[in-house]
Amino acid sequence: MPRKRPRRLASALILVAGALVVAACGEKYPNSTFTHLTDFNTIIDGLWNRLLLLGTIVFVFVEVLLVFTLIKFRRREGGPEPKQTHGNSTLEITWTIVPALILVLIAVPTVKAIWQTEAKASANSLQVQVIGHQWWWEFRYPQYGVVTANELYLPAGRTVNFQLNSKDVIHSFWTPQLGGKRDVIANRTNYIWYTPDSSLAGSVFNGFCTEYCGSSHANMRFHVYTVATADFESWAAHQKDQAAGSLLVAPAAAAATAPAAATAPAAPKVASVAGIKVTPAQKPAPASTVTPPSDGYVFPLDKMPAHTLPQTPMPVGDREVKYDDSLLGQGDVARGHDLVTNMAHMGDVPCLTCHIIKGEYMVGGKQMFNDDGAKAPNLTHFATRHTFAGGIYKADAPTLARWVKNAEHMKPGSLMTTLGNGQYWPSMKQTRTTGLDDRQIADIVAYLLSLK
């Protein structure tokens with residue numbers, strides 16, 4: 001019986017090794033960083049392959065030598081006492097020189113890769129400012145005057161230079177299939193650049209925050225769409241437009257044509273919410289004076305692979321947000337616009353205190369904040385996005401309604417106010433006795449989904 005144990009052990013080891021080999025040949029992990037989709041990843045993958053090769057050679061050599069020594073010099077019954085050796089200059093010099101040579105073979109390509117990836121991006125690069133917030137991503141395109149959130153559009157074949165900053169704690173920006181991660185810090189600007197291969201037009205990739213940043217760290221994601229140059233230009237031109245339904249007359253133009261103060265009509269009464277003066281709701285502007293919906297490129301939802309679609313389940317139990325979905329088809333865009341832009345009359349700080357909707361002006365004909373002071377995602381063209389809430393939810397009506405009703409239950413730590421009447425407000429540790437009913441939420445959802 002004892003003689004059979006080594007055979008059984010060997011059989012088990014062979015079986016396990018075979019299973020590992022088969023598993024390694026399975027479906028490719030969709031978020032793998034071992035790709036050649038950008039110049040950055042090509043450099044890093046080449047360095048990894050070299051280090052893996054050298055490490056494997058050293059490992060095999062050492063293990064073979066070790067096994068040989070164990071067998072050749074094993075203790076034998078009746079064998080002589082092993083010869084005692086004290087110092088061997090040749091051996092000591094050899095095991096000093098050989099590791100030094102190995103380190104040189106490792107250091108040279110490593111330093112070369114560092115110089116390549118840390119060099120300045122080319123002058124004609126697309127500039128993208130990446131700003132990390134708890135727990136969502138803000139993307140700014142200063143060359144185009146575009147600001148968006150959680151969805152990053154890049155032209156395939158063009159180098160992109162990312163400027164990384166944080167509004168709060170340390171985050172880390174990483175799109176595994178496109179480029180290495182880089183920390184996003186509040187008091188320091190970091191940079192990373194790469195060039196998506198020109199063959200990637202029409203592709204989408206997952207992005208993540210990979211530095212623990214608080215309770216919803218795992219819920220801080222984003223998507224990268226690599227598109228043809230013409231499609232990117234179409235997207236950017238559209239994103240620069242004002243929001244659909246906003247006034248066409250810009251504040252500067254209005255000021256230039258305004259009558260003298262002596263003949264100006266009386267200013268409308270204002271409400272004050274949390275010390276902020278807010279113009280109350282006015283009658284809807286004539287259709288000829290508002291921005292009509294316009295078309296621009298949007299990445300096709302049906303072209304998104306399954307692994308890039310949000311799979312976050314709805315909260316259950318104490319955190320379940322109940323909503324009557326039958327009301328969603330009855331939402332009114334005009335009423336939703338009034339609620340989003342002038343919620344002061346309900347006793348709540350207006351949505352545009354934190355969000356920006358380009359073209360909506362609330363105080364003295366000007367937006368209350370610009371994007372530098374925004375505390376929440378820019379909503380100007382919200383309906384052109386396929387995800388929201390840090391990329392964890394699909395941007396569909398039922399999910400959006402529950403988010404508006406109680407964002408903190410949908411995403412722990414969310415800074416968005418709980419708006420639903422009768423909802424428990426976690427950060428305030430109280431149940432709301434005022435707020436929006438389901439019909440009003442349906443109106444807000446209808447308005448947000450009209451911002452195309």
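Reader: Which residues line the second largest cavity?

Author: First, this is a predicted model: local features need pLDDT of at least 70, side-chain atom pairs count only at pLDDT 80 or more, and totals for chains, interfaces and linings use all residues. Residues are numbered from 1 along each chain as its sequence is written, and side-chain values use heavy atoms, leaving out hydrogens and water. A cavity here is a set of points on a 1 Å grid over the protein atoms alone where a 1.4 Å probe fits but cannot get out, and lining residues have an atom within 4 Å of a point. On that rule, the lining is Thr-148, Glu-151, Tyr-153, Trp-235, Gln-239, Thr-384 and Arg-385.

Reader: Which elements each supply at least two residues of that lining?

Author: Helices (H or I, at least four residues) and strands (E, at least two) are DSSP runs, numbered from the N terminus. By class, the lining has two nonpolar, three polar and two charged residues. The elements that each supply at least two of its residues are E4 and H4.

Reader: So where does E4 sit, and what is the strand order of its sheet?

Author: E4 (151-155) is an edge strand, as is E7 (179-184), each pairing on one side only; pairing takes at least two DSSP bridges between two strands. The sheet is open, with five strands and mixed pairing, in the order E4-E10-E9-E6-E7.

Reader: In E10, what is the bridge partner of Leu-154?

Author: E4 pairs with E10 (residues 221-227) in the parallel sense, over five bridges. Within E10, Leu-154 has as its partner Thr-226.

Reader: And H4, what angle does its direction make with that of E4?

Author: H4 (residues 229-240) packs on the sheet and touches both E4 and E10, contact meaning heavy atoms within 4.5 Å. Angles run from 0 to 180 degrees between N-to-C directions, with axes fitted to C-alpha atoms, for helices over the stretch in contact. For H4 and E4, the angle is about 135°.

Reader: Switching to H6 and H9, how far apart are their axes?

Author: H6 (residues 333-341) packs against H9 (residues 438-448) at about 95°, which makes the two roughly perpendicular, the label for 65 to 115 degrees. Among the contact residues are His-337 and Leu-339 of H6 and Ile-444 and Tyr-447 of H9. The distance between the two axes is 7 Å.

Notes:
1 Å grid on protein atoms, 1.4 Å probe; cavity = no way out; pocket = protein on both sides within 12 Å on 5 of 7 lines; lining within 4 Å. Nonpolar A, V, L, I, M, F, W, Y, C, P; charged D, E, K, R; others polar. Parallel < 35°, antiparallel > 145°, perpendicular 65-115°, else oblique.
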